[in-house]
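Please consult the sequence and the structure shown here.

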Amino acid sequence: MKTFKLIMIMTAFLQFWSPSADAQIKTGDKVPVFSLQDQDGKTFDITTVLGKQPLVIYFYPKDETSVCTKEACSFRDAYQDFQRYGAMVIGISSDNVASHKHFATHHNLPFTLLSDPKNEVRKLFGVPKTFVIPGRVTYIVDKNGVVVHTFNSMRDGEKHVTESLEALKKMQ
């Protein structure tokens with residue numbers, strides 16, 4: 001009986017703290033319009049790249065944490081592959097601009113990191129949380145601004161890269 005009550009409490013907690021599945025951006029949806037500060041303090045406006053190239057937009061919990069660092073370094077190591085597909089890689093977390101700058105410099109990250117301190121863009125995309133930890137979701141967006149693939153995995157940061165490359169390959 002105690003286990004059942006614990007499960008019910010955890011379910012209620014997750015429903016309260018996570019966006020509904022209906023709110024999450026899905027394959028076939030248009031990518032939301034947004035602008036955020038990048039690691040250099042410059043404003044990045046997604047409308048300036050829509051229609052020009054595919055986008056790989058990945059949301060991650062926190063700079064310099066184990067899985068997030070592995071994920072970012074995997075995107076870095078495969079960066080030439082993303083360039084071959086003409087894709088722009090964009091990482092987004094709630095960390096501030098200075099944290100992103102340090103993270104990008106420390107790990108030689110050649111792509112854009114965006115600071116979403118109020119989680120406004122995370123909410124626009126409907127990225128779910130795991131308890132109170134921000135989710136890890138990747139969206140592949142075609143040149144027309146349509147989401148063609150999503151991948152959600154908290155533990156397997158490196159698989160976000162392989163999933164992204166497979167989706168880009170299918171778009172060719």
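Helices (H or I, at least four residues) and strands (E, at least two) are DSSP runs, numbered from the N terminus. The model is predicted: local features need pLDDT of at least 70, side-chain atom pairs count only at pLDDT 80 or more, and totals for chains, interfaces and linings use all residues. Residues are numbered from 1 along each chain as its sequence is written, and side-chain values use heavy atoms, without hydrogens and water.

The order β2-β1-β5-β4-β3-β8-β9 describes an open sheet of seven strands with mixed pairing (two strands pair if DSSP finds at least two bridges between them). Its edge strands are β2 (43-45) and β9, each pairing on one side only. Strands β3 (residues 55-59) and β8 run antiparallel and are joined by five bridges; Tyr58 has Thr138 of β8 as its bridge partner.

Two helices lie across this sheet, as listed below. Contact means heavy atoms within 4.5 Å; axes are lines fitted to C-alpha atoms, for helices over the stretch in contact, and angles run from 0 to 180 degrees between N-to-C directions.

| Helix | Lies across | Angle |
|---|---|---|
| α2 (residues 66-77) | β3, β4 (88-93), β8 | about 165 degrees to β3 |
| α6 (residues 159-171) | β3, β8, β9 | about 15 degrees to β8 |

Asp142 is found in the loop between β8 (137-141) and β9 (147-152). Not counting residues up to four places away in sequence, Asp142 touches Gln53, Pro54, Val148 and Met171. A polar atom of the Asp142 side chain lies 2.9 Å from the backbone nitrogen of Asn144.

Notes:
A polar contact is a pair of N or O atoms within 3.5 Å; within protein, one must be able to donate a hydrogen and the other to accept it, and residues adjacent in sequence count only if both atoms are side-chain atoms.
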